[in-house]
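Please keep the sequence and the model in view while reading.

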Amino acid sequence: MLEIPGWIPFHRLAVVVAILVALVTLSLADRPSRLMASLRRRFLFGLPLGTFVSVASVLVVYLFVQGGISSWYRPLVIPFRAWSYFYPLGMVTAAFAHSSAGHLVGNLVGTLTLAPIAEYAWGHYPTRRGSTSFGSFWENPYARALVIFPAGVLGVGLLSSFFALGPVIGFSGVVFAFAGFALVTRPLTTVLAFVSGRVLSLVYNALQSPEIVATARPVYSTPWWAQIAIQGHAIGLLFGVILGVWVVHHRESERPSALRSFAGVLLFAISESLWAVYWFRGGETFVLFQAVGFALVVGLALVVALTVSASNKPLREHAPTGSLFSARRWQVGVAVLLVATAALTGPAIPYNLFTVADDDLPGEPVTVRDYDVTYAEDVPNGLTAAFDIELFGESTTTNTSGVIVKSTQRGIWTTAISTGRLAFDGESSVRVGGIGWQEEVTAVRDGFVVAGAGESAYRVFLVSNGTASLAFTTDPIQAEPVVAGRNISVVPTAAGYDLAVTSENRTVRGPMPTQNVSTTLDGVRFVRQDEFVYAEYENTRVRVAREEMYE
């Protein structure tokens, strides 16, 4: 009898068996000798070794630089973002670090499905007529696979960080460069590989969570399109397209038709939401320009298609050498792509030359080495306030609210936890640190929803190394019900919460009642029943507040 080890759940085993049966059956039905021969003609040992080196390098950064090996789902993120040119560590690591395990897996799946196509087009063996393997460093298959291709990946990653608009993080810019390179050489194969990436993601998720039980519950979320680094994805795609066009025309290899190129680029760009052009309006409000975004994507696909399919002939026959009309037709398309790339990357240069001013944060910040952490509301965003530009009715100057993290030494200023997120969760943590160290600061909120006011009276504490400090309290909030001609307000204090009863002549203030102890202020008796607070006067009983509940 076959005994299944206890550490292999049956559902996971079913996934593995299904994959193995499919592979064995297909290999018997359609012998893969032709495929393997094709791979060996382009790859050392028939393997995309440069892709494997790139994947391994990204994993090393996540596991050992960000601390993912000890905290797989919650790596250290803040110090590894591309904050500015004055913070080299972030610029160097941003393209290869990730914000979460899901972020990492998504980009690695994209790399494993798209990078081999780009590496196949590049090839480990030289293709130039008259060249021989091992004839020089550039023609050495081992160098091309293990040095030159990974070096190109490193270079594209650094460029994507250098020209990023905002503190980006993640390998997605490089993944889009793989896609751009692959779309130029094999557009429909790239779209098929992209779809196969969804299959690979499903396999990973099925192995990780074979069975999921879900129930309806409230969820706090920002719009999905507001979580996309659209500018970084676009410049990555353009970098890859330009490199691919250069390789294709330099080698004078067979090029796909304009229709295939157009369809491939358009399908990929739409599927990957490159049309989702948006702006941050402030607070937690975002604006999506989807009509403009769709038009831009169609224009990009058209330019790429015409550039790839263009001939090597000059614009005008017999044009004088060096004149404008002596340029090759495909070079005109490259010029248009370079202009588009410059338009996307240009604004990042002045933006990344800005560093955080040495102004004190509001409130009483918690200090962790060179970091200051505080909570504040409706304060100017320390990143977008550097430049005030208005376009289409939108401005770059916005205010923000939440847990703010600042490091003057590193040029970091960010709202790590928004007010809305903390109001939903009640407790949330932010990790700060650097190479070889990290510490956690936890924000804790408590409060009361005041009846009829439409808002809460609340406090926010910051907890670091077991010590809690009061970071923020709201102003007193007045309830809508009026009892015996008296207004009732909930007042947050450092010690807890008070109730204030205000009449025409005076204000009486006392502690919030507990479950077993009532409070009487100016003839009004206050009692606590579960999470509710009631005011009682003669035969009148009204609810004035409810303790906040968190998910």
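A salt bridge is a side-chain nitrogen of Lys or Arg within 4 Å of a carboxyl oxygen of Asp or Glu. The model is predicted, so local features need pLDDT of at least 70 and side-chain atom pairs count only at pLDDT 80 or more, while totals for chains, interfaces and linings use all residues. Residues are numbered from 1 along each chain as its sequence is written, and side-chain values use heavy atoms, without hydrogens and water.

The whole structure holds 13 salt bridges. One network of them links Arg74, Arg431 and Glu440; within it, the closest N and O atoms of Arg431 and Glu440 are 3.3 Å apart. Glu440 is partly exposed, at 33% relative accessibility (buried means under 20% relative accessible area, exposed over 50%, partly exposed in between, with a 1.4 Å probe and protein chains only).

Another salt bridge joins Arg410 to Asp370, at 2.7 Å from N to O. Arg410 lies in the loop between strands E7 (399-407) and E8 (412-418), and Asp370 in the loop between strands E3 (366-368) and E4 (371-380), so the pair ties together parts 40 residues apart in sequence. Helices (H or I, at least four residues) and strands (E, at least two) are DSSP runs, numbered from the N terminus. Arg410 is buried, with a relative accessible area of 10%, and Asp370 also counts as buried, at 18%.

Glu119, in helix H5 (residues 101-122), is buried yet has no salt bridge. The nearest side chain of opposite charge, Arg144, is 9.2 Å away (Lys and Arg count as positive and Asp and Glu as negative; His and the chain ends are not counted).
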